[in-house]
Protein chains: 2
Amino acid sequence: MASVYTETPTSGNTTPVGTRTAAPPVAVVSASERAYRQLRDEILDGVLAPGAGLLEVEQSDRIGVSRTPLRAAIARLIADGLVAGRAGRGFMVTEMSVDSIHELYELRRALEEHAARIAATRRDPHVFLELRDQFRTAPELLLLGEAGLHRYYELIDDFDDALDAAVGNPFLVTALANVRTHLARIRRLARHNPARLRAAAAEHLLIIEAIVAGDTSLAAHATHVHLHQSLSNVLAALEANPAAQAD
Amino acid sequence: MASVYTETPTSGNTTPVGTRTAAPPVAVVSASERAYRQLRDEILDGVLAPGAGLLEVEQSDRIGVSRTPLRAAIARLIADGLVAGRAGRGFMVTEMSVDSIHELYELRRALEEHAARIAATRRDPHVFLELRDQFRTAPELLLLGEAGLHRYYELIDDFDDALDAAVGNPFLVTALANVRTHLARIRRLARHNPARLRAAAAEHLLIIEAIVAGDTSLAAHATHVHLHQSLSNVLAALEANPAAQAD
DNA sequence: TGAAGCTCCTATGTATACATAGAATTCAGG
DNA sequence: CCTGAATTCTATGTATACATAGGAGCTTCA
């Protein structure tokens, strides 16, 4: 099965195996997994800009794996929609036009409104009560600078996780994960807008309260409102800084 | 880029290259593409039953490609959700439990109801008027035996294509394609039920008429009804023939 | 006879060498 | 100087050899 390495066999660098005292559950991922994660992170962070070309040999040299696992990584990125094959010349990071942002949010509306409805029916109230308390601290959190900001984004992730768990539908969760992948690229553009983050926290809070109350209709509509505001904010940020856009 | 072969280099069988008079636009697909299509078709047709094990060497021998393109094919099937990696022993065709059918239809509702709403707004009326006329012939078609049945399934495909075109959203279309892939496995179970097919044609007709009329609400609700009936039919068929189920 | 340990085997993960097609470049001819 | 074709070059597609890990089966000991 999954052959695992703590390090690349050819690169005998850090963490010598002799030093393990207990059980070192360190990296332990395959080369293709490492290549996938690195490329994916770099695309989501914008290090690999939209439109950037990816060459197998070039990338495999850079990351330190052979072409075979790198090809597997690129295949996964293509399935994710983050990379596309170019007709003549290798592969490229997919672009993110204003149109495609609208399209992504259209799918996001369909999925998240449905997910919110389901969550309001199937949720574990304790989980969302806990989340509600956390989100109530968001305004203070956003006054704490970088650390508070980090915690805030963790809260968003916690909310997404709670939603996935409440929905309990692998197909829907997978579709949502796909949307969130592309969303991560967009979020970079609109980050660090304190006023928007405070408003977003309030919108999340309303969704959570609707889920706690089992109010399917309010959960769906509050989600719709939240996504509308989120999209408006992204589009405004893009208009203010068109250079951040790729298309 | 895409290296293409008309035949496997090692299998020097039919269609000798010397006989090409004009331009033979025959198969011309890569080995990995061929492997992917064959495995995918076999899974959807049930030739490779749910739970069946897939071994790289075994399948690459059978299909006539080396392990490298076959691995690429399996990677795509995993991304499709048709194959899953087994912990200890190779890969297996994913199972389709009654629960997962419910889950799939839950996602399908979210996507298709939304798609129907959008289509009712953005559709090209001519396309759907044409479709309406076609679907009106469905009852007669279903009296024509195998040939009519084949034409009927083509009609369904035409409807899906028209819906995709009207939606015009690559993200949504991709998500719908994913659902339809899994749906193809399920449809095998409930096929050849004339009464259900006649009813389904009538349901499609109503959806089409709503889209033509630009009635977003009716389009969505008619879709909901159709999916409810479709799911009921599948579940009834499963209950009548539990052996067809895999889980 | 049962259990524990070891060995072998099998199947995937990885690296590399070779095949091939398309694009870019260069050279020749007008 | 421009245009065309041939060639070279580059990058992916494919095949194969080797590494490795986990399981199954067998053997051995109590």
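In what sense do S2(B) and S3(B) pair, and over how many bridges? S2(B) pairs with S3(B) over three bridges, in the antiparallel sense. The model is predicted: local features need pLDDT of at least 70, side-chain atom pairs count only at pLDDT 80 or more, and totals for chains, interfaces and linings use all residues; side-chain values use heavy atoms, with hydrogens and water left out. Residues are numbered from 1 along each chain as its sequence is written, while chains are lettered from A and ligands numbered from 1 in the order in which they are written.

**Chain A overall**

- Chain A has ten helices and three strands; helices (H or I, at least four residues) and strands (E, at least two) are DSSP runs, numbered from the N terminus.
- Along the sequence, the pattern of chain A reads α-β-α-α-β-β-α-α-α-α-α-α-α.
- Of the 247 residues in chain A, 42% are buried, where buried means under 20% relative accessible area, exposed over 50%, and partly exposed in between (1.4 Å probe, protein chains only).
- Among the contacts in chain A with a separation of 6 or more, 74% come from residues 24 or more positions apart; a contact means heavy atoms within 4.5 Å.
- Chain A exposes about 12500 Å², and carbon and sulfur atoms supply 55% of it. Accessible areas come from the Shrake-Rupley method with a 1.4 Å probe, and for residues only the protein chains shown count as cover.

**Relation of the two chains**

- Two copies of a chain are related by a rotation about an axis and a shift along it.

**Sheets**

- Chain A holds an open sheet of three strands in the order S1-S3-S2, with antiparallel pairing. Its edge strands are S1 (53-54) and S2 (83-85), each of which pairs on one side only.
- Two strands pair if DSSP finds at least two bridges between them.
- S2(A) and S3(A) (residues 91-93) run antiparallel and are joined by three bridges. A:Ala84 has A:Met92 in S3(A) as its bridge partner.
- Chain B also has an open sheet of three strands, ordered S1-S3-S2 with antiparallel pairing. S1 (53-54) and S2 (83-85) are the edge strands of chain B.
- In chain B, B:Met92 of S3(B) stands opposite B:Ala84.

**Nonpolar cores**

- A nonpolar core is a set of buried Ala, Val, Leu, Ile, Met, Phe, Trp, Tyr and Cys residues joined through side-chain atoms within 4.5 Å.
- The largest core has 100 residues, of which A:Leu111, A:Tyr152, B:Leu111 and B:Tyr152 touch the most other members.
- Apart from neighbours within four places in sequence, A:Tyr152 contacts A:Ala138, A:Leu141, A:Leu142, A:Leu197, A:Ala200 and A:Ala201.
- A second, separate core of 17 residues includes B:Tyr36, B:Ile43, B:Leu44 and B:Leu54.

- B:Thr94 sits in the loop between strand S3 (91-93) and helix H4 (98-122) of chain B. B:Thr94 counts as buried because its relative accessibility is 15%.
- Not counting residues up to four places away in sequence, B:Thr94 touches B:Pro50, B:Gly51, B:Gly81, B:Leu82, B:Val83, B:Ala84 and B:Arg185.
- B:Glu42 belongs to helix H1 (residues 31-45) of chain B and, at 13% relative accessibility, counts as buried. Beyond its neighbours within four places in sequence, B:Glu42 is in contact with B:Val47, B:Leu48 and B:Arg62.
- A:His204 lies in helix H9 (residues 194-213) of chain A and is buried, with a relative accessible area of 7%.
- With residues up to four places away in sequence left out, A:His204 touches A:Phe135, A:Ile156, A:Phe159 and A:His226. The C-alpha atoms of A:His204 and A:Ala222 are separated by 8.3 Å, although these residues are 18 apart along the chain.

**Helix H7 of chain B**

- The 22 residues of H7(B) (residues 146-167) should span 32 Å at 1.5 Å a residue, and the end C-alpha atoms are 32 Å apart, which agrees. The expected span is 1.5 Å times one less than the number of residues.
- B:Gly168 follows H7(B) and has a positive phi, near 65°.
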